[in-house]
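Here is a briefing on one protein chain. Please keep the sequence and the 3D view open while you read.

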Amino acid sequence: MLLLGCIKEVSDYELVVSLPNGLSGFVPVTQISDAYSKMLNEEVAQGELLEDLNSLPDMYSPGMLVRCVVTSVEKSADGRRSIKLSINPKMVNKGLSTSALAQGMLLSGFVASVEDHGYLIDIGVNGAHAFLPRQKAQNYVKAVKKGPDLKIGQNLNCVIVEVKNMGRVVRLSIDRSEVAASLATERQNWTLSNLLPGLVVKARVQKVTPCGVKMTFLSSFTGIVDFMHVDPEKSTNYSPDQVMKACILSVHPTSKVVHLTLRQAFLHPGGSPNQLSSGRMGAVVEESTVKAFYKQFGAIFELDDGSLAFARLKHLSKTRKSFKHGAFKPGCKHKCRIVDYSLMDEMCIVSLKYQTIEARFLQYQDIHTGDVVQGKVFALKPIGMQVKVAEGIKGLIPSMHLADVILKQPEKKYSIGDGVKCRVLECDPAGKKLILTLKKSLVQSNLPVLSSYEDAKPGLITHGFVVCAREFGCIVKFYNDVKGLVPKHELSSEPASCPEKVFHEGQVVKVTVLKCEPQQERLLLSFRLSGKPGSEGKNEGTPKNKQEVKYQVGEMVDVKVLKKKDNGLEVSVLEGKGSAVAWIPTTHLSDFVVTCKLLWHCLQEGDVLPRVMCLSDNGERIILSRKAAVISAVQEEQVVRSFSEIEPGMLLTGYVRNVMPFGVFVEFPFGVTGLAPKVSMSDKFVTDTKEHFVVGQTVIAKVMSIDEEKQRMLLNLKVSECSSGNAAAESFALLNQYFKEMNEIRNLLRKREELSMAKGLCDELVSGKELQLVVQDMKEDGSALFSGSCVTGLTVTATRYHLGEKKMVPGEKAKAVVLHVDILTSKVYVSLREELLKQ
């Protein structure tokens, strides 16, 4: 579809174009012209800037009219439709051939090259060579004031002055008076297949309707002027057979429907439509008067300054159900807010929705650095998280700013649709760039926002974040890309030997401004908030429990228990460099879930645990693990250090991170995570995932498939699929490890005199021991309870399977073998099966 558009915004990479009926489209930098695209490709290939390649802002400015062709209509991530356009003459003038070119035609052309006596112009017609003499361009160049010459890729309204050799040679003019006076006539032999938007024609009124005017032009063509494009001064005075100038707005290629405009700004080619004063955007109008209502489109209002505005149907009420037709009769008054301005319709776009009228932000200009805003997550990308702050306003939270610490797997914390409270780090309305932070320390900070070097007065205390830690000190960043240096001697009250080990990228810090030179953009800072050693400044500069020694994943250390907490042990690393504080989660005390609980209960403050592996050290906290299978996998290099190393079919040792109704998330050393769907969790049929796995359980997983783009992998946890080939050897190795750890627990318990019952269980009852028992009770599920002199005070039970073929009755004597002893619950599990008793 061909349209006439008006440039609304210009950036280095695209033009934002206002289209008729309040729409907007985007022209990418690659859809300007062939000559311009060729130069762009040369610049990319050479890797350096070309002198004669001008940027889009050098050639285009808001208010310029351009002919466009729709290349695609796409739906963006936030559900809005995005119209992609091209202004390339090859596409816009596609319907023209050399034989169709005639004197007086008004075409779109682009400067292809600059010559001594003029310019070669690309008009997009195959076989036609168009030339613009320098004298025919002088008036235009002086008026536009964009330099002494036209620029390659510049869009021009060209009038054909002369046609030679059947259209193969064309001479053009862009003289402003000639362009403004141009009129499309029957002599130029326009057809519906090559008719162009932007042409001014003489049209005759055929019919006047409430929704617009039907007109004929160029003898046989019919066009429609909708209600938004009648001349506001003459809207009620049109009559059949009246002749007037009209401008073609759009041409539909298949239906051949032509839309026209009668607005004065478009009736002279090269003109520019009226623009809204910047102060009115976002304004709330207490009383706007309904001028007309169109049930399929919306309503026209007269604002308090006499200008006209349009509200689309969906903006007249909160929902379709709440819409009342009677409230929009001519003369009715409503409160509304100006949300946009359509250059092509020369009208404000307004909304009557309460939530829009009360909205805090309507455009990027409404947002200021340091503002705390509410957003909604709509995309997770490698560079960070995209957030929707308001309709049409999107922001980026860089990966570093997703939390106070660096998140390796943000998808575990955030999901699409989540509401988030952020703070604005940087806002550039012209480039529609909004950078946000989710760091709580910054979002909740009550200290002044430092957003310019002029605001940095000596003595100011504020929050920032570390972007670089080196031997010379730290570079701290604030809002609007303001940066400062904390020299080494200002890092703390005591000398810091290795700043890069004490401070890390992204760490939020409180600083004092020592000195600022705004013109040089130099800022000197200090972490010492007061001159006294050990004061608040030192605490802020160095986080609690900050370790000066950095541990690598896989490094083995000996540790001493400092404190027992509900979900793990706080330990200190025993080495010559200094006692670093670390954490062992309860689930990482062993590969076996039962043993984990036992060890947690048995261990006491002061106990030493040898050979524990560093699982992660993010600079804030060192996480350790005692899982023998995980340690073995790391030491034998049976691990992947990044997603790029993963291949389908790999067997990896990891541990259950989360159990969900749809499957199990498994984490591996170095932070890689995968999902085992419900169908791939077990060789048995799975109804409830929680009956098969628990968080922290050590597992061997097989990689089924990977999605490199989304950084996801699917796993298989079926035992039949995850064996390396020697199942018997693997099973005996696991049993050996289990008994080794149980022996360790017995030795620990022997030291604890107060745990006499547990001590007795450990010493007397071991797996495989035979017992003489008496049946005490038979349960409904077929299991049996036993008693005996050797198991006084304990609960002894055998399941239905382990009773074998025997039918037991209370009081009956039986010989049994110990299968398992649960020290924590004082339960003993036994079996009466003959094949076990014989062994």
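Which residues does Phe-217 touch, not counting residues up to four places away in sequence? The contacts are Leu-195, Val-201, Lys-202, Ala-203, Thr-222, Gly-223, Ile-248, Val-258 and Leu-260. The model is predicted.

**Nonpolar cores**

- Phe-217 belongs to the largest nonpolar core, which has 78 residues.
- Phe-217 is among the residues with the most contacts inside that core, together with Tyr-60, Ile-121, Leu-150 and Trp-190.
- A second core is separate and holds 48 residues. Its members include Leu-569, Leu-748, Leu-794 and Leu-832.
- In soluble globular proteins, nonpolar side chains tend to be buried together.

**Barrel with β16 to β20**

- Five strands form a closed barrel in the order β16-β17-β18-β20-β19. The pairing is mixed.
- Neighbouring strands in this sheet are turned by 50 degrees against each other on average, direction ignored.
- Strand β19 covers residues 333–342, and strand β20 covers residues 347–351. Five bridges pair them in the antiparallel sense.
- Within this pairing, Cys-348 in β20 stands opposite Tyr-341.

**Barrel with β41 to β45**

- Another five strands close into a barrel, ordered β41-β42-β43-β45-β44. Here too the pairing is mixed.
- On average, neighbouring strands of this sheet are turned by 50 degrees against each other, direction ignored.
- Strand β41 spans residues 770–778, and strand β42 spans residues 784–787. They run antiparallel and are joined by four bridges.
- Val-774 has Ser-787 in β42 as its bridge partner.

**Thr-71**

- Thr-71 sits in strand β4, which covers residues 65–75.
- Is Thr-71 buried, exposed or partly exposed? Thr-71 is partly exposed, because its relative accessible area is 38%, which lies between the limits of 20% and 50%.
- Beyond four places in sequence, Thr-71 touches Lys-84, Leu-85, Ser-86 and Met-91.
- Lys-740 lies 669 residues from Thr-71 along the chain. The C-alpha atoms of the two are separated by 70 Å.

**Ser-625**

- Ser-625 lies in strand β35, residues 622–625.
- Ser-625 counts as buried because its relative accessibility is 0%, and the cut-off is under 20%.
- What does the side chain of Ser-625 make a polar contact with? The partner is the side chain of His-588, at 2.9 Å.

**Cysteines**

- The count of disulfides comes to zero.
- Cys-422 is in no disulfide. Its nearest cysteine sulfur belongs to Cys-427 and is 13 Å away, whereas a disulfide needs the two sulfur atoms within 2.5 Å.
- Cys-422 is buried, with a relative accessible area of 0%.
- Cys-596 is in no disulfide either. For Cys-596, the nearest cysteine sulfur is that of Cys-602, 12 Å away.
- Cys-596 has a relative accessible area of 5% and is therefore buried.

Terms used:
Residues numbered from 1 in each chain as written. Predicted model: local features only at pLDDT ≥ 70, side-chain atom pairs only at ≥ 80, totals over all residues. Heavy atoms only, no water. Pairing = 2+ DSSP bridges. Helix = DSSP H or I, 4+ residues; strand = E, 2+ residues; numbered from the N terminus. Axes fitted to C-alpha atoms, helices over the stretch in contact; angles between N-to-C directions. Buried < 20%, exposed > 50% of the residue type's maximum accessible area, 1.4 Å probe, protein only. Contact = heavy atoms within 4.5 Å. Core = buried A, V, L, I, M, F, W, Y, C linked by side-chain atoms within 4.5 Å. Polar contact = N/O pair within 3.5 Å; in protein donor to acceptor, adjacent residues only side chain to side chain.
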